[in-house]
Amino acid sequence: MGVLEDFLKKHSITEIESTLADMTGNARGKFYPTRKFLAENGGRLPETVLVQSVTGDWAYNHYDIVDARDRDMILVPDTNTLRIVPWADEPTAQLINDCYDTQGNLHPLSSRTILRRVLALFEKEGLRPVIAPEVEFYLVQKNDDPDYELKAATGRSGRRETARRSYSIDAVNEFNPVIDTLYAYCEAQDLDVDTLIHESGAAQMEINFLHGDALDLADQVFVFKRTLRETALKHDVYATFMAKPMQHEPGSAMHIHQSIVDIKTGKNIFTDNGEFSDAFYHYMGGLQKYTPSAISFFAPNVNSYRRFAPEMAAPVNMKWGIDNRTTGLRVPVASAEGTRIENRFPGADCNPYLAIAASLACGYLGLKEKLRPTEPITGAAAMDHDNVELSRTLEEALRLLEDCPEICEIMGQSFVNAYIGVKKSEFETFNMVISSWEREHLLLNV
């Protein structure tokens, strides 16, 4: 604990946020006075916090997932995740924990465990994934009544955007106060954020992370989401990572750039003498074959599937292409060492640990099974109704996951059972709500 104690003393920390990601990717944990945290050396939490739904409910199979006694799990802080909390009123630090059961094993229901599990498979093969996430989000006006539609936040001019302003410098400058605070908070937390651009939606932006270790980048996205929400509140607006927050605006994604490095040589296995290697094609084949079964990890909420609509700016089929943004699997033009695959399926609402784990799992299966992909397309990927190959509802996606033993084994069958139980509970809760569309079009016409 020497590193921890030195950090706390250096920054005069009086309080610590001891956190972990639940199944939705949101932070759970405890606030500790510094002295109490050091005395406990980690602490405990009920394991049930890992499997609570986004509505705060429990899965229908809750007591098949966790012990009926509501047992504790052991939290072990990862000092690599130690950061200050720049928006706190008092000097505060934050830590992300690994979760263990009382027998000393990584807890099988923890999102961080699942990513560690997948990374261990690569390490066993002498391989190390390299990841670079791109996270899209919207800034919207405060909305305290969920019956009202969201509206884009207004910038310095006092006017809301109406036109498509992709990559507009002036459109970003409208929100300079928010962006300046965001970058200051990110720098204070050593988040490796790179460029920020304006996306095509009204007050929609994207921030890119520098490439690096998969677990570290998942941690950073987890922290970044909290950071952006706090930044927005400081400026009296909301930041949302909903996949499709507004009817007439495009959805928000979390694209995952990924490559694989040979641990011994440090070389990118996706290239061979300046050409795509067999490993590249196998990995791409795995993504093509298994993404439909893993899509619930990329699109984890009922709202996520509104983003996968024909003629929208999101993929609906499994085609791939070189420098082709109309495909779900894009290969940017890059140097040999920078050769990578961009998975464009995950929404911004995904749990970063699970989305990265699932994407790597699909590629890993392709490597092990020596799969081959289709030929890359050279034109636009057809995005009409006849070419939709993805699930259009969460319930359908969960059925595909349940019927895929390969993904279930890699992610852990007990975890998959819990995930399906929680997400089915969310779907059924959502399905009970009668929408305004149904009242408008069905009330007197059917």
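Colleague: Hi! Where is Ser12 found?

Modeller: Ser12 is in the loop between helix H1 (2–10) and strand S1 (15–21). Helices (H or I, at least four residues) and strands (E, at least two) are DSSP runs, numbered from the N terminus. This is a predicted model, in which local features need pLDDT of at least 70 and side-chain atom pairs count only at pLDDT 80 or more, while totals for chains, interfaces and linings use all residues. Residues are numbered from 1 along each chain as its sequence is written, and side-chain values use heavy atoms, with hydrogens and water left out.

Colleague: Thanks. What about the phi of Ser12?

Modeller: Ser12 has a positive phi, about 50 degrees, although Ser12 is not a glycine. Its relative accessible area is 47%, so Ser12 is partly exposed. Buried means under 20% relative accessible area, exposed means over 50%, and partly exposed is in between (1.4 Å probe, protein chains only).

Colleague: And what is phi for Asp236?

Modeller: Phi of Asp236 is near 65 degrees, a positive value in a residue other than glycine. Asp236 is exposed, with a relative accessible area of 52%.

Colleague: Which side chain does Asp236 meet in a salt bridge?

Modeller: Lys142, with 2.9 Å from N to O. The two come from distant parts of the chain: Asp236 is in the loop between helix H7 (214–234) and strand S10 (238–240), Lys142 is in the loop between strand S6 (127–140) and helix H5 (169–173), and they are 94 residues apart. Lys142 is partly exposed at 44% relative accessibility. A salt bridge here is a side-chain nitrogen of Lys or Arg within 4 Å of a carboxyl oxygen of Asp or Glu.

Colleague: Why can such side chains pair?

Modeller: Side chains of opposite charge can pair when their charged atoms come close.

Colleague: How many salt bridges does the structure hold?

Modeller: There are 21 salt bridges in the structure. Among them is Lys424 with Glu402, where the closest N and O atoms are 3.8 Å apart. Lys424 lies in helix H12 and Glu402 in helix H10 (residues 394–402), so this pair ties together parts that are 22 residues apart in sequence. Lys424 is partly exposed at 25%, and Glu402 is partly exposed at 43%. There is also a network: salt bridges that share partners join Asp78, Asp98, Arg112, Arg116 and Asp219.

Colleague: Switching to aromatics, how many pairs are there?

Modeller: The structure holds 18 aromatic pairs. One of them is Phe297 with Phe415: their ring centres are 6.4 Å apart and their planes are at 20 degrees, so the pair is stacked. Rings of Phe, Tyr and Trp (its six-membered ring) pair if their centres lie within 6.5 Å; planes under 30 degrees apart count as stacked, over 60 as edge-to-face and the rest as tilted.

Colleague: Which helices do Phe297 and Phe415 lie in?

Modeller: Phe297 lies in helix H8 (residues 278–298) and Phe415 in helix H12 (residues 413–431), so the pair ties together parts that are 118 residues apart in sequence.

Colleague: Is Phe297 buried or exposed?

Modeller: Phe297 is buried, with a relative accessible area of 1%. Phe415 is buried at 1% as well.

Colleague: Which residues form an aromatic cluster?

Modeller: One cluster is formed by Phe270, Phe276, Phe280, Tyr281, Tyr283 and Trp320. Elsewhere, Lys225 lies over the face of Phe241, at 5.2 Å from the ring centre. A charge sits over a ring if NZ of Lys or CZ of Arg is within 6 Å of the ring centre and within 35 degrees of the ring normal.

Colleague: What separates the C-alpha atoms of Ala59 and Tyr419?

Modeller: Those C-alpha atoms are separated by 8.8 Å, and the residues are 360 apart along the chain. Ala59 is in the loop between strand S3 (44–46) and helix H3 (62–65), and counts as buried at 8% relative accessibility.

Colleague: Last one: how many helices and strands does the chain have?

Modeller: The chain has 13 helices and 16 strands. The C-alpha trace spans about 60 × 55 × 45 Å along its principal axes. Of the 446 residues, 55% count as buried.
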